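Here's a walk through one protein model, strand by strand and helix by helix. Have the coordinates open while you read.

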Amino acid sequence: MASPPWNTSEITGQLTRGIRRRSLLAGVAALGAAGALGAATGCSRVDVSGATDGGHLLEDLRKKGTVRMGIASEPPYASINSKGELTGEAPAVAKTIFQRLGIRNFEPVPVEFGALVPGLHSFQYDVIVAGMFINKARCAAVLFSDPDYESKDAFLVPKGNPHKIKDYPDIARQHLRMGTGIGYAEIDYAVGNGVKESTIQTYGDQIAGMEALEAGRIDAFAGTALTMIEALKTGKHPKVQMTSPFTPTVDGKQQRDGGGYGFRLGETKLRDAFNGELQKMKKSGELLRIAKPFGFTEEFMTDLTAKELCKK
């Protein structure tokens, strides 16, 4: 039985609750884009029921020889560099897989992160290649591959880590001042470990967080380890360092997250073929070799599946 059309008014609450480790504002942007798409088509519902019988996109892409990739500019996941070239971990992995599926050419379609899902369903591109986190709300509108990486949290702290911070309980126990991004899930993780929300300051990005650290306004800045690694590459904040990546725990339960590649619902033939190649790359170690230049290490590799993450 086909999935019901995506009703933007009904899914609003699901998306805002389901956004994890991405700014909640990205969820708001997604809803705005979805609403605009509905207005453009003269209705308030966007049909995401997708193809039947496994879909025919894989066959079509092989005939055309080109796959259009929807990306959002967010290093190290995907971006267009200063030379106008497509770069990032997700495009590097996707290119390898699509080539093995018989598709040689790649056309990047840059959009805002929040517009990725609506753009997929309006056929602006064939696949989302942006390291998108997989969760229950998104799985109602997107057919995800298995994740190719698992996210970890980390803290930016003053050089030497004077408070010996390793995880959120350390922040709570020492009554430290924590910073993080606006709408980040790290707020929930901290509060879930006893940090008072009134002591948490929010900033626009990691760069602003590092400036707050250097000014002594906060004791630590929490976020995803991969974005921290990317932010530190600027080399403009030598008095700041990153703690070791870790998986947050709330009420004794690990908060594991992973990102993957998004297809239109019903395109299971393409998704399954993509997953098959992805699993081969995981087993051989090729996935890590491709991802390593973008800051990914062994600890970011994962055995999680889309099926597991779609239940969250």
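## A buried strand, a helix pair and an open sheet

Let's start with a pairing: strand β3 (residues 66–71) and β7 run parallel, joined by 2 bridges. In that pair, Gly 70 sits opposite Ile 128 in β7. Keep in mind that this is a predicted model. Its pLDDT averages 86 over the chain, with 84% of the residues scoring at least 70. Residues 1–46 are another story: pLDDT is below 50 there, and the stretch has 85 contacts in the model beyond near neighbours in sequence.

Back to β7, which also pairs with strand β17 (residues 257–263), in the antiparallel sense and over 3 bridges. Here Met 132 stands opposite Gly 260 in β17. Is β7 buried or exposed? Buried: 7 of the 7 residues in β7 (residues 127–133) are, so the strand is largely enclosed by the rest of the structure. In a regular strand, side chains alternate between the two faces of the sheet. In β7, Val 127, Val 129, Gly 131 and Phe 133 point one way, while Ile 128, Ala 130 and Met 132 point the other, and all are buried.

Next, a helix pair. Helix α3 (residues 57–64) and helix α11 (residues 268–284) have axes that come within 7 Å and cross at roughly 75 degrees. α3 and α11 are therefore roughly perpendicular to each other. The contact brings Leu 57, Leu 58 and Leu 61 of α3 against Lys 269, Leu 270 and Ala 273 of α11. Sorted by class, that makes 5 nonpolar, no polar and 1 charged residues.

Then there's an open sheet of 5 strands, ordered β12-β11-β13-β10-β14, with mixed pairing. β12 (200–203) and β14 (240–242) are at the edges with a single partner strand each, so one side of each has no neighbour in the sheet. On average, neighbouring strands in this sheet are turned by 30 degrees against each other, direction ignored. Strand β11 (residues 178–181) runs parallel to β12, joined by 4 bridges, and Gly 181 is opposite Tyr 203 in β12.

| Helix | Strands met | Angle |

Methods
Residues numbered from 1 in each chain as written. Predicted model: local features only at pLDDT ≥ 70, side-chain atom pairs only at ≥ 80, totals over all residues. Heavy atoms only, no water. Buried < 20%, exposed > 50% of the residue type's maximum accessible area, 1.4 Å probe, protein only. Pairing = 2+ DSSP bridges. Axes fitted to C-alpha atoms, helices over the stretch in contact; angles between N-to-C directions. Parallel < 35°, antiparallel > 145°, perpendicular 65-115°, else oblique. Contact = heavy atoms within 4.5 Å. Nonpolar A, V, L, I, M, F, W, Y, C, P; charged D, E, K, R; others polar. pLDDT = per-residue confidence, 0-100.
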